[in-house]
Amino acid sequence: MNAGDLLQPTMDILDLIKKRRSVRRFKDDPFPPALLTRLLEAGQSAPSAGNVQPWRFYVVRNREKKEQLCDAALGQMWICSAPVVIVVCAEPERSRISYGRRGSELYALQDTAAAIQNILLTAAAAGLATCWVGAFREEPAARIIGANQQNMRPVALIPIGYAAETPDTPAKRPLHEIVEYLD
Ligand SMILES: Cc1cc2nc3c(=O)[nH]c(=O)nc-3n(C[C@H](O)[C@H](O)[C@H](O)COP(=O)(O)O)c2cc1C
């Protein structure tokens with residue numbers, strides 16, 4: 001596979017969605033900066049209520065900061081094995097200005113979650129592994145990345161790199177259990 005293939009992946013979107021896995025062991029190898037930019041563009045392109053785009057992406061490559069993030073993530077030290085960790089933050093105040101409480105408490109988080117999923121899927125399409133990490137203490141995480149804690153809420157840590165494990169596909173609840181047709 002050449003670099004062009006990496007940047008122009010072709011796969012049915014549903015196949016890609018089904019193939020994406022949460023990976024918790026990464027190779028040391030870095031990945032091309034152009035791919036990192038692609039992931040950030042994927043986040044940038046997510047839908048958001050009123051197109052407010054209430055998010056900010058902190059790219060952490062510094063080892064010490066990564067280790068501090070692992071501590072903030074309740075000791076999930078495997079996160080440090082990824083060459084890059086993107087900390088995705090929501091900026092609820094931006095959504096509050098347009099939509100009041102519903103904006104700051106709901107839309108800002110929904111918008112940010114959409115950006116996170118865009119990043120995970122774009123990474124998967126490029127052959128990169130990720131995991132959505134939500135179990136962390138927000139206050140230290142914000143401090144570590146130098147985010148203004150008044151208006152920036154860390155929502156997810158996304159370790160990204162080449163997979164050093166191939167997780168089994170976890171069971172997903174069957175459609176009949178989660179879908180209701182109201183014909
Ligand atoms: C909101 C959220 C928070 C999560 N937090 C963590 C976490 O802190 N640590 C972790 O190892 N996995 C975390 N995960 C990953 C889930 O465990 C994973 O998505 C789930 O087991 C299904 O596996 P799959 O992603 O391979 O389909 C989180 C996922 C989501 C959506």
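These notebook entries record what I looked up in the structure, beginning with the ligand.

**Basis.** I worked from a predicted model in which local features need pLDDT of at least 70 and side-chain atom pairs count only at pLDDT 80 or more, while totals for chains, interfaces and linings use all residues. Residues are numbered from 1 along each chain as its sequence is written, and side-chain values use heavy atoms, with hydrogens and water left out.

I then looked up polar contacts, that is, pairs of N or O atoms within 3.5 Å. In the side chain of Arg-21, an N or O atom is 2.7 Å from an oxygen atom of the ligand, and for Arg-20 a polar side-chain atom lies 2.9 Å from a ligand oxygen. Ala-135 takes part through its backbone, a polar atom of which is 3.1 Å from an oxygen atom of the ligand. The protein buries 63% of the 610 Å² that the ligand exposes when taken alone; accessible areas come from the Shrake-Rupley method with a 1.4 Å probe, and for residues only the protein chains shown count as cover.

**Salt bridges.** I took a salt bridge to be a side-chain nitrogen of Lys or Arg within 4 Å of a carboxyl oxygen of Asp or Glu, and the structure holds 6 of them. For exposure I used relative accessible area, with buried meaning under 20%, exposed over 50%, and partly exposed in between (1.4 Å probe, protein chains only). Helices (H or I, at least four residues) and strands (E, at least two) are DSSP runs, numbered from the N terminus.

- Arg-63 pairs with Glu-67, their closest N and O atoms being 3.4 Å apart; both lie in helix α4, 4 residues apart, about one turn of the helix, and Glu-67 is partly exposed at 35% relative accessibility.
- Arg-94 forms a salt bridge with Glu-91, with 2.9 Å between the closest N and O atoms; Arg-94 is partly exposed at 43%, whereas Glu-91 is buried at 12%.
- Arg-96 and Glu-93 meet through their side chains at 2.7 Å, N to O, and they are separated by about one helical turn because they stand 3 residues apart in helix α5 (residues 92-125). Arg-96 is partly exposed, with a relative accessible area of 39%, and Glu-93 is partly exposed at 35%.

**Positive phi.** Which phi does Asn-51 have, although it is not a glycine? The value is positive, about 55°, and the residue lies in the loop between α3 (33-44) and β1 (55-60), where Asn-51 is exposed with a relative accessible area of 51%. Leu-74, also not a glycine, has a positive phi near 55°; Leu-74 sits in the loop between α4 (63-72) and β2 (84-90) and is exposed at 57%. I noted both because most residues other than glycine have a negative phi.

Arg-153 and Ala-90 are 63 residues apart in sequence, with their C-alpha atoms 5.1 Å apart in space. Arg-153 belongs to strand β4 (residues 153-161) and counts as partly exposed at 37% relative accessibility.

**Surface patch.** Last, I looked up a nonpolar patch on the surface, which is formed by Leu-175, Ile-178, Val-179 and Tyr-181 and has about 450 Å² of accessible area together. Patches are made of residues with over 30% relative accessible area and no salt bridge, nonpolar side chains (Val, Leu, Ile, Met, Phe, Trp, Tyr) being joined within 5 Å and like charges within 9 Å. Val-179 is found in the segment after α7 (175-178) and is partly exposed at 33% relative accessibility.

How values were computed
A polar contact is a pair of N or O atoms within 3.5 Å; within protein, one must be able to donate a hydrogen and the other to accept it, and residues adjacent in sequence count only if both atoms are side-chain atoms.
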